[in-house]
Amino acid sequence: MKRFQARLIVFVLILLALAQLGTALAVLSSLKKDNYRQGVDSIDVSRNVFDLFLEARAEQLTKGVEILTSDFGFKQAVATRETATIGSVLQNHGARINADVSLLVSPVGELITSTQELNVGSTIADLVYEARRTGGASISTMINLGSRAYQLVLVPVRAPNVGEWVGLAFLLDQALAEQIKNVTGLDISFVSESDDTYRLAGWSTLPLTDKQALFRDLDSVIDLLNAPVFSSDEKYLTLGVDLGVPDQWGLIHLPYGPWLESYNSTRNQLVLIFAGALALALLFGIGLARNMTQPISRLVDYATQIGRGTNKKIIAAPKMAGEFGVLSNTMEVMQE
């Protein structure tokens, strides 16, 4: 009887444990997916803010260059090709608005002068040609100069017709990464590819240890452009941003700690609930087993008394209902 009772208790415990485990796994899986979805939504918003920030910055920089191109003295220096004066003005004006490179190009896009040694090839010429073809009043784009990504603004010098173009280029550097981080609230990095390997371009708002670990595990930025990917320790969720420059990308890093803390907290609560439910199931199983085996014990005792030949007047069949009642009456008839 004890063996039957034990088997019944174990059966009840296993049944309830499987039900609790299935519920816990379903809840945790749903919670993890929901946390990931929230993280993706958050990083997508930051990506839009990233793009809007660069657009707003381009508009602001364009206005700064237009101020220079509308200066009469500068127009006169450009018309007479006074290279020394032009270089001085470009240097001073670029310094005022924190430009990294200032340059002047001809109406066909050939470089006339710049504040740094540049090898722009046909890139700027193509930009100028496209702007003249479409009637564009200015040019704002990303460009690769010396294997580094720059935000370039080109504005024509009108005297009175469109002639030379003044350009100011701004390096995508640590200062810009910090500015974007202040707006988006997320960490920003700029990376480049060289010989099929990715390297940090020198600018990231990530802490040093996290930066080294994350970029050591970085396999493909291309995959990050489509969907955010976890770092190996799931500390960050990273999304790539196409800057429009060959082999140059931006990265947005979402600290995943708050989402993990929420998930771990819920998981711990479910473990406690699971343990409590099993404890209650054990008590319930013991009570249920005893309740179910009590009629059987009475019938066993009745059968034992019959087997010993005890007088029917001394023992009486236990009064029960249902199947146990049928068995009790049957045994009483057998005794007769």
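**Notebook: cavities and a helix pair**

I began with helix 8, which gives the most to the lining of the second largest cavity, with 3 residues. For my own record, helices (H or I, at least four residues) and strands (E, at least two) are DSSP runs numbered from the N terminus. I am working on a predicted model, where local features need pLDDT of at least 70, side-chain atom pairs count only at pLDDT 80 or more, and totals for chains, interfaces and linings use all residues. Residues are numbered from 1 along each chain as its sequence is written, and side-chain values use heavy atoms, with hydrogens and water left out.

**Entry: the second largest cavity**

I looked up the space here and found about 30 Å³. A cavity is a set of points on a 1 Å grid, over the protein atoms alone, where a 1.4 Å probe fits but cannot get out; lining residues have an atom within 4 Å of a point. Grid points are joined across faces, edges and corners, and the volume is the space filled by probe spheres set on them. The lining consists of Lys32, Asn35, Tyr256, Trp259, Leu260 and Tyr263. Helix 1 (2-69) and helix 8 (257-307) are the elements that give two or more residues to it. I sorted this lining into 4 nonpolar, 1 polar and 1 charged. In that sorting Ala, Val, Leu, Ile, Met, Phe, Trp, Tyr, Cys and Pro are nonpolar, Asp, Glu, Lys and Arg are charged, and the others, Gly among them, are polar.

**Entry: the largest cavity**

My search of the whole structure gave 2 cavities of 30 Å³ or more. The largest holds about 50 Å³. It has 10 lining residues, and Ala149, Leu172, Phe190, Trp203 and Gln248 are the closest to its centre. Strand 6 (187-194), strand 7 (197-204) and strand 10 (248-255) each bring at least two residues to this lining. Here I noted 9 nonpolar residues, 1 polar and no charged.

**Entry: helix 8 again, with helix 9**

Next I checked the axes of helix 8 and helix 9 (residues 322-335), which come within 11 Å and cross at roughly 0°. Axes are lines fitted to C-alpha atoms, for helices over the stretch in contact, and angles run from 0 to 180 degrees between N-to-C directions. The two helices are therefore roughly parallel to each other (under 35 degrees). The contact divides into 10 nonpolar, 2 polar and 1 charged.

Conventions:
1 Å grid on protein atoms, 1.4 Å probe; cavity = no way out; pocket = protein on both sides within 12 Å on 5 of 7 lines; lining within 4 Å. Parallel < 35°, antiparallel > 145°, perpendicular 65-115°, else oblique.
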